[in-house]
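Welcome, and thank you for taking a look at this protein with us. Here is the chain we will walk through together.

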Amino acid sequence: MPALGWLLGSGHEIAAVFTQPDKPAGRSMELRPSPIKLLALEHGVPVFQPAKIRAADSVAQIQGLGADLIVVMAYGQILPKGVLEAARIACINLHASILPRHRGAAPIQSAILAGDAETGVTVMYMDEGLDTGDILLIRRLPIDRHETGGALHDRLAAATPGALAEAVELLAAGKAPRTPQKNDLATYAKKLGREDGLIRWERSSEEICRQIRAMNPWPGAFTTIGSKKLKVFEAARNRRRSGKPGVVIEAVGRGILVGSGAGSTLLRTVQLEGRRSMGAREFLMGMPLAPGVVLG
């Protein structure tokens, strides 16, 4: 959104916006347009939503626009050669990592899961590979040790307009660099599913806390109490105490202390299936947990 917002206010002519088809949402499962679509229409920009960008008519439509520059961000489909070569100057992509690290669909969560000290926005020239194109520029951001996936996403989004503005200026002046990626340093960030939120208590407390932060807000880290799912939104590691993985050591006002593969993990903010999110103190008032209770 911030990148498109910058483009719409930059004075450049925006020929069209391509985004994914409207998707069903809410309890009624009614089709809802994306924020990208709404913003473009608000500014009078034509919006196209092909189911498959590789379809011949979609490629011909893009080629017919005669664009100088194509800007791509988190589009969700692999672009064919006909689209990549449709712009007079370049087809560029804004990717939320320091490439070649964390190529793929979930670079933000992967950076937190890996314990990276920094991440950033990479502007690259697109090719037919998955985030393999030459690098135009990189803007780096430190990762706070308490930062969630949602918070880091928002900071990276806020950094994209500046990165895009610099890239556009360099391209317009014919001074944009091209630096090939070092493929031997590449890592891959696979698309996340709900199952990636399942907490594996045999892992170290450090890894579990990273997972809880990375998966907040989606897909959400979770465990189980009996037959019910317990989502975990905030936790802290405890290196001084240990216990059997997944077994409650103690449950007091400050949190629910659970054994991990190394150390223990203090659950601070949780949500039991069918209830709202709440701090551990409030949760335990309604559902006391005795030491020895096993979490899934």
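Is Gln49 buried, exposed or partly exposed? With a relative accessible area of 25%, Gln49 is partly exposed, where buried means under 20% relative accessible area, exposed over 50% and partly exposed in between, using a 1.4 Å probe and protein chains only.

Before going further, a word on the model. This is a predicted model, in which local features need pLDDT of at least 70 and side-chain atom pairs count only at pLDDT 80 or more, while totals for chains, interfaces and linings use all residues. Residues are numbered from 1 along each chain as its sequence is written, and side-chain values use heavy atoms, with hydrogens and water left out.

Now back to Gln49, which sits in the loop between strand 4 and helix 3 (56-63). Helices (H or I, at least four residues) and strands (E, at least two) are DSSP runs, numbered from the N terminus. Setting aside neighbours within four places in sequence, Gln49 is in contact with Thr19, Gln20, Pro21, Asp22 and Lys37; contact means heavy atoms within 4.5 Å. Phe18 lies 31 residues away from Gln49 along the chain, yet their C-alpha atoms are separated by 5.8 Å.

Lys37, one of those contacts of Gln49, belongs to helix 2 (residues 35-42), where Lys37, Leu39 and Ala40 are buried. These three are on the same side of helix 2 because they cover an arc of only 165 degrees around the axis, the arc being that of the directions from the helix axis to the C-beta atoms. Their cover includes helix 1 (2-8), strand 1 (17-18) and strand 4 (47-48). Just after helix 2 comes Gly44, with a positive phi of about 75 degrees.

Strand 5 pairs with strand 6 (residues 90-95) in the parallel sense over 4 bridges; two strands pair if DSSP finds at least two bridges between them. Within this pair, Leu69 stands opposite Ala90 of strand 6.

Finally, here is the chain as a whole.

| Property of the protein chain | Value |
|---|---|
| Secondary structure | 8 helices and 16 strands |
| Box filled by the C-alpha atoms, along the principal axes | roughly 65 × 45 × 30 Å |
| Buried share of the 296 residues | 44% |
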